[in-house]
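I opened the notebook for this structure today.

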Amino acid sequence: MIVVMEQNATDEQIQTIASKVEAMGLKANIIVGTERTVIAAIGEKRGSFKDSLESCPGVSAVTPISAPYKLASREVRPEPSLIEILDFRAGSGHVGYVAGPCSVESEEQLMSSARAVKAAGATGLRGGAFKPRTSPYSFQGMKEDGLKLLAAAREETGLAVFTEVMGTDDVDLVAKYADVLQVGARNMQNYRLLEAVGKCGKPVLLKRGASGTMDEFLLAAEYILNEGNDQVMLCERGIRTFETHTRFTLPLASIPYLHRRTHLPIIIDPSHGTGHTYMVKDLAVAAVAAGADGLIIEIHPDPPNAMSDGYQSQTFDEFAATMDRCQKVQRALQAD
Ligand code: PEP
Ligand code: MN
């Protein structure tokens, strides 16, 4: 249920409604918009509270939320959310660019990548320290040593650090070094992990599961939001289909669809989404043209010798050229 307050409703009237909602056994989320404040009453309990709330002073309307997700929906928050971390901005007209290696491998590899990311004009640095690998015999990441290198790279470049957290036990450790916690595709429906990153309060990049539907994706985001953390970005990274010419199938239709359903920023990952370096630039440009709020791209100083995902990683020069094209498209759209 959404309680829409009148434009001139007082703080006291808003608080009174929030208390009434809580007294009904529901959670009251006060969302202050530029035009009006709404109170999202969230919970399982159903009943006809509409009349008793609608007659309260300061209330304009009480309407049900039709989507299965509530806090993630546009119904609750019609204006797009802006996520800001250091110089990184995504959403509400800003396109945030994140790049870096799939895995943090060494000081030299990470620092050279971070400098290339910064020089190309991006504001976020990615790099996995805990790697979810299909085989237990593949490189699993540098763990805390990798996190330390990421923090050192932020220190030098000012880039916001994005890195994956794979399990609830690691949330505090990763949050100590990272600016944005990435929940990987394999963990989109790890509900305990979603709650834990929600509680930790750091911004989260939630990747879509390879077989996750849009409703499942948005309900996964809802777990994080429901813990009081509204710094959530959604990442479309491709889904598994019958098609084998790409590693995954990257549906850019997710951008307009998600923009219609949710206020959360949409970040596109053309690296995992295609699995081929030669496709990354074109899909990155297409994503910006389709209204993406950000991109996350894998780069490496020596892709053929990368310890993970080299076949989809760009060289520094390829990334700079991609940035150049994306920003041209962005400017053209803004001038339109
Ligand atoms: C990654 O970003 O390196 C990664 C493992 O991504 P995903 O969870 O989308 O597979
Ligand atoms: Mn990767």
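How far does a polar side-chain atom of Arg237 lie from an oxygen atom of ligand 1? I found 2.7 Å.

**Ground rules.** I am working with a predicted model, where local features need pLDDT of at least 70, side-chain atom pairs count only at pLDDT 80 or more, and totals for chains, interfaces and linings use all residues. Residues are numbered from 1 along each chain as its sequence is written, chains are lettered from A and ligands numbered from 1 in the order in which they are written, and side-chain values use heavy atoms, with hydrogens and water left out.

**Ligand site.** I looked up two further side chains at ligand 1. Gln182 has a side-chain N or O atom 3.0 Å from an oxygen atom of the ligand. For Glu298, a polar side-chain atom is 3.3 Å from a ligand oxygen. Taken alone, ligand 1 exposes 300 Å², and the protein buries 98% of that. These areas come from the Shrake-Rupley method with a 1.4 Å probe.

I then listed the surroundings. There are 13 residues around ligand 1, and Arg126, Lys131, Ala185, Lys207 and Arg237 come nearest. A residue is near if one of its heavy atoms lies within 4 Å. By class, I noted seven charged, three polar and three nonpolar residues in the shell. Here Asp, Glu, Lys and Arg count as charged; Ala, Val, Leu, Ile, Met, Phe, Trp, Tyr, Cys and Pro as nonpolar; the others, Gly among them, as polar.

**Lys207.** I placed Lys207 in strand S11, residues 204-207. Strands (E, at least two residues) and helices (H or I, at least four) are DSSP runs, numbered from the N terminus. Lys207 has a relative accessible area of 4%, so it is buried. Buried means under 20%, exposed over 50%, and partly exposed in between (1.4 Å probe, protein chains only). Its side chain makes a polar contact of 2.7 Å with the side chain of Asp269.

**Domains.** I read off domain 1 as 2-63 and domain 2 as 83-335. These bounds come from an automatic or database domain assignment. Taken over C-alpha atoms, the two domain centres are 36 Å apart.

**Aromatic pairs.** How many aromatic pairs does the structure hold? I counted two. Rings of Phe, Tyr and Trp (its six-membered ring) pair if their centres lie within 6.5 Å; planes under 30 degrees apart are stacked, over 60 edge-to-face, the rest tilted.

Phe88 and Phe162 are edge-to-face, 5.2 Å centre to centre with 70° between the planes. Phe88 lies in strand S6 and Phe162 in strand S9, so the pair ties together parts 74 residues apart in sequence. Both Phe88 and Phe162 are buried.

Tyr191 and Tyr223 are stacked, 4.4 Å centre to centre with 25° between the planes. This pair links helix H6 (Tyr191) with helix H7 (Tyr223), 32 residues apart. I logged Tyr191 as partly exposed at 28%, and Tyr223 as partly exposed at 30%.

Thr37 is in strand S3 and is buried at 11% relative accessibility. I also checked His276, in the loop between helix H9 and helix H10. His276 is partly exposed at 29%.

Terms used:
A polar contact is a pair of N or O atoms within 3.5 Å; within protein, one must be able to donate a hydrogen and the other to accept it, and residues adjacent in sequence count only if both atoms are side-chain atoms.
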